[in-house]
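Dear colleague,

Please find the structure below, together with its sequence. My notes on what was found in it follow.

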Amino acid sequence: MARAEITSGICGFTATVQASQEGRKVKLDIQSECKAIQALAAELTEVDAFQEISFRGEGPRALKAGAKHCYHP
């Protein structure tokens with residue numbers, strides 16, 4: 001398992017992300033007081049590791065979900 005604490009400079013909120021891998025799937029647990037990150041966390045609970053490192057096909061889910069939910073830079 002990997003864990004990261006991300007401090008945003010723009011909104012002042014902190015997000016904690018825990019990731020655990022099961023084969024190609026990576027389960028994500030994202031916690032934050034920020035409403036935008038909470039919406040992102042609700043949608044992005046699991047990703048395919050190979051899809052996240054490629055821009056072929058549908059592209060990275062994390063990138064698309066971030067653009068959808070994170071309205072501040």
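How do the residues of the lining of the largest pocket divide into nonpolar, polar and charged? Before the reply, please note that this is a predicted model. In that model, the lining divides into 13 nonpolar residues, 5 polar residues and no charged ones.

The pocket

The largest pocket holds about 350 Å³ of space. Its lining is made up of 18 residues, and those closest to the pocket centre are Ile 6, Ala 15, Val 17, Ile 37 and Leu 40. Several elements contribute to this lining: at least two residues come from each of strand 2, strand 3, helix 1 and helix 3. Helix 1 covers residues 35–43, and helix 3 covers residues 61–69.

The model contains an open sheet of 4 strands, placed in the order 1-2-3-4, with antiparallel pairing. Strand 1 (2–7) and strand 4 (46–48) have a single partner strand each, so one side of each is left without a neighbour in the sheet. On average, neighbouring strands in this sheet are turned by 25° against each other, direction ignored.

Strand 1 pairs with strand 2, which comprises residues 14–22, in the antiparallel sense over 6 bridges. Within this pairing, Glu 5 has Thr 16 of strand 2 as its bridge partner, and Thr 7 stands opposite Thr 14 of strand 2. The hairpin of these two strands has 6 residues between the strands, and Gly 12 takes a positive phi near 85° there.

Strand 2 also runs antiparallel to strand 3, to which 8 bridges join it. Gln 21 stands opposite Val 26 of strand 3. In the hairpin of strand 2 and strand 3, 2 residues lie between the strands, and Gly 23 has a positive phi near 70°.

Is strand 1 well covered or hardly covered? Strand 1 is hardly covered, as the count of buried residues among its 6 residues is 0. Arg 3 belongs to this strand. Arg 3 counts as exposed because its relative accessibility is 55%, and the cut-off for that class is over 50%. Arg 3 and Ala 19 are 16 residues apart in sequence, and their C-alpha atoms are 6.4 Å apart in space.

Lys 25 is found in strand 3. Its relative accessible area is 37%, so Lys 25 is partly exposed. Along the chain, Lys 25 and Val 47 are 22 residues apart, while 5.7 Å separates their C-alpha atoms.

Arg 61 lies in helix 3. At 29% relative accessibility, Arg 61 is likewise classed as partly exposed. Arg 61 and Asp 48 are 13 residues apart along the chain, with their C-alpha atoms separated by 8.5 Å.

The cysteines

How many disulfides does the structure hold? The structure holds 0 disulfides.

As for accessibility, Cys 11 counts as partly exposed, with a relative value of 30%. Cys 70 also counts as partly exposed, at 24% relative accessibility.

In brief

Yours sincerely

Conventions: Residues numbered from 1 in each chain as written. Predicted model: local features only at pLDDT ≥ 70, side-chain atom pairs only at ≥ 80, totals over all residues. Heavy atoms only, no water. Pairing = 2+ DSSP bridges. Axes fitted to C-alpha atoms, helices over the stretch in contact; angles between N-to-C directions. 1 Å grid on protein atoms, 1.4 Å probe; cavity = no way out; pocket = protein on both sides within 12 Å on 5 of 7 lines; lining within 4 Å. Points joined across faces, edges and corners; volume = space filled by probe spheres on them. Nonpolar A, V, L, I, M, F, W, Y, C, P; charged D, E, K, R; others polar. Disulfide = S-S within 2.5 Å. Buried < 20%, exposed > 50% of the residue type's maximum accessible area, 1.4 Å probe, protein only.
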